[in-house]
Amino acid sequence: MRSIFGVDPGLHVGLLHFRLDTRFVEMLELGPLEAADWLHARVSGGDFIAVERYTQTAGSAKRTRQNDAIEVIGMCRWIAHRNLAVILEQGASEA
């Protein structure tokens, strides 16, 4: 394990990269496709990607739907799979 990544999914994706060996921290906000490029370029085998879980409920239908959040979570799963990284989905209170 070299790095820990944090992802706050949505229309504006919050990203965090923490390298354990150098203690380097990088934080930024990007659109979903730019976030996918950024994450894919940095994640490698053994890294951890922590992403906030999004669960649609009956109350979600009354508010704005977060389709972007669902797509970003799927993107993180794919990037973790392709790069042999570990993905952790956490609820908002856990994150």
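**Figure 1. The β1–β2 hairpin in the predicted model.** S3 has R19 of β2 as its bridge partner. Strand β1 covers residues 3–8, and strand β2 covers residues 13–19. The two strands pair in the antiparallel sense, over six bridges. Four residues lie between β1 and β2 in this hairpin. G10 sits in the turn and has a positive phi of about 155°.

**Figure 2. The β2–β3 hairpin.** Strand β3 spans residues 25–30. The pairing of β2 with β3 is antiparallel and takes in six bridges. G14 has E29 of β3 as its bridge partner. Five residues separate β2 from β3 in the hairpin. R23, in the turn, has a positive phi of about 60°.

**Figure 3. An aromatic pair, F5 with W38.** One aromatic pair turns up in a search of the whole structure. F5 belongs to strand β1, while W38 belongs to helix α1 (residues 32–42). The pair thus joins distant parts of the chain, 33 residues apart. F5 and W38 are both buried.

**Figure 4. The buried residues of helix α1.** A35, A36, W38 and L39 are the buried residues of α1. They pack against β1, β2 and β3. Their other packing partners are β4 (48–52) and α3 (67–82). In an α-helix there are 3.6 residues a turn, so residues three or four places apart point the same way.

**Figure 5. A nonpolar surface patch.** L16, V25 and M27 make up this patch. Together they have about 290 Å² of accessible area. M27 lies in strand β3. Its relative accessible area is 65%, so M27 counts as exposed.

Figure 6. Side chains of opposite charge can pair when their charged atoms come close. D21 is exposed because its relative accessible area is 53%, over the cut-off of 50%. R42 has 29% relative accessibility and so counts as partly exposed.

**Figure 7. The salt bridge between R77 and E89.** The closest N and O atoms of R77 and E89 are 2.6 Å apart. R77 is in helix α3, and E89 is in strand β5 (residues 86–90). Twelve residues separate the two, and the pair links distant parts of the chain. R77 is partly exposed, with a relative accessible area of 46%. E89 is also partly exposed, at 27% relative accessibility.

**Figure 8. The protein chain as a whole.** The chain contains three helices and five strands. Along the sequence they follow the pattern β-β-β-α-β-α-α-β. Of its 95 residues, 32% count as buried. Among contacts with a separation of 6 or more, 53% come from residues 24 or more positions apart. The chain exposes about 6,000 Å², and carbon and sulfur atoms supply 55% of that area.

Terms used
Residues are numbered from 1 along each chain as its sequence is written. This is a predicted model: local features need pLDDT of at least 70, side-chain atom pairs count only at pLDDT 80 or more; totals for chains, interfaces and linings use all residues. Side-chain values use heavy atoms; hydrogens and water are left out. Two strands pair if DSSP finds at least two bridges between them. Rings of Phe, Tyr and Trp (its six-membered ring) pair if their centres lie within 6.5 Å; planes under 30 degrees apart count as stacked, over 60 as edge-to-face and the rest as tilted. Buried means under 20% relative accessible area, exposed over 50%, partly exposed in between (1.4 Å probe, protein chains only). Contact means heavy atoms within 4.5 Å. Accessible areas come from the Shrake-Rupley method with a 1.4 Å probe; for residues, only the protein chains shown count as cover. Patches are made of residues with over 30% relative accessible area and no salt bridge: like charges are joined within 9 Å, nonpolar side chains (Val, Leu, Ile, Met, Phe, Trp, Tyr) within 5 Å. A salt bridge is a side-chain nitrogen of Lys or Arg within 4 Å of a carboxyl oxygen of Asp or Glu.
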